[in-house]
Amino acid sequence: MDSLKAEGLTRRFGNLVVLDAVTFTVEPGQVGAVLGANGSGKTTLLRCVIGADRPDEGVVTVGGRRIYETDAWARGIMAAALDDIDFFPDLSVAEHLALLAYAHGGGGDPVDEVLGELGLESARDQLPITLSSGQRRRLALASCLVRPRRVLVLDEPEQRLDVDGRAWLTDRLRREKAAGTAVLMASHDTELVDAVADVRIGIGG
């Protein structure tokens, strides 16, 4: 079983302890919701989980194997959309997604299907820099869906989504669960958390 596990994650910045021995498990087919106030360390936790930040103490594993961002195996099983996601600046929206799908060997959702699902068909030939903030957020989510994934990590995925977009997100997360994906997300949306979360991870107090 490819359980996502964090054990004793601790992260300090000088004398400030942002994460204090955080431990949790998200099984395949579950959503773990990271809860806490702004500035409590939610994004830091997600960055430690995907290997973009190294904890001072503790480990993150998937299926018992430790996660390092530089490990091709980890990049092959884990898709993430955090606020600092980069897009290929000279590629159109459709080209960006097609390249991601190709680079990860296929196995994700078809590009055209994802464009339609996220309402990005009309923007398929645009460069990412020309998109609105809401469209860029949907492109970040689309970037996760076109690639294979056993773990999906999302930082406040509801941000900049309208009512219909949030309804879509709830349905999509339920489908990810049904497909056996382990999902970890930080969210302030209590309705979304109540609808999909199996595990609640409170930090920062």
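**Two sheets and a helix between the questions**

Me: How many bridges pair strand β3 with β9, and in which sense do they run?
Reply: This is a predicted model, where local features need pLDDT of at least 70, side-chain atom pairs count only at pLDDT 80 or more, and totals for chains, interfaces and linings use all residues. Residues are numbered from 1 along each chain as its sequence is written, and side-chain values use heavy atoms, with hydrogens and water left out. Strands (DSSP E runs of at least two residues) and helices (H or I, at least four) are numbered from the N terminus, and two strands pair if DSSP finds at least two bridges between them. β3 (residues 31-35) and β9 are joined by four bridges, and the sense is parallel.

Me: Which strands stand at the edges of the five-stranded open sheet?
Reply: The order is β6-β7-β8-β3-β9, with parallel pairing. Two of these strands have a single partner strand each, so one side of each is left without a neighbour in the sheet: β6 (78-81) and β9.

Me: What is the bridge partner of Ala80 in β7?
Reply: β6 and β7 (residues 151-155) pair in the parallel sense over four bridges. Ala80's bridge partner in β7 is Val153.

Me: What angle does the direction of helix α5 make with that of β6?
Reply: α5 (residues 133-145) packs on this sheet, touching β6 and β7; contact means heavy atoms within 4.5 Å. Axes are lines fitted to C-alpha atoms, for helices over the stretch in contact, and angles run from 0 to 180 degrees between N-to-C directions. For α5 and β6 that gives about 175°.

Me: Which strands are at the edges of the four-stranded sheet?
Reply: This open sheet has the order β2-β1-β4-β5, and its pairing is antiparallel. Each edge strand pairs on one side only, and the two are β2 (16-26) and β5 (65-66).

Me: Which residue in β2 is the bridge partner of Lys5?
Reply: β1 (residues 4-13) and β2 run antiparallel, joined by seven bridges. Helix α1 (residues 42-50) lies across β1, β2 and β4 (57-62), at about 60° to β2. The partner of Lys5 in β2 is Thr25.
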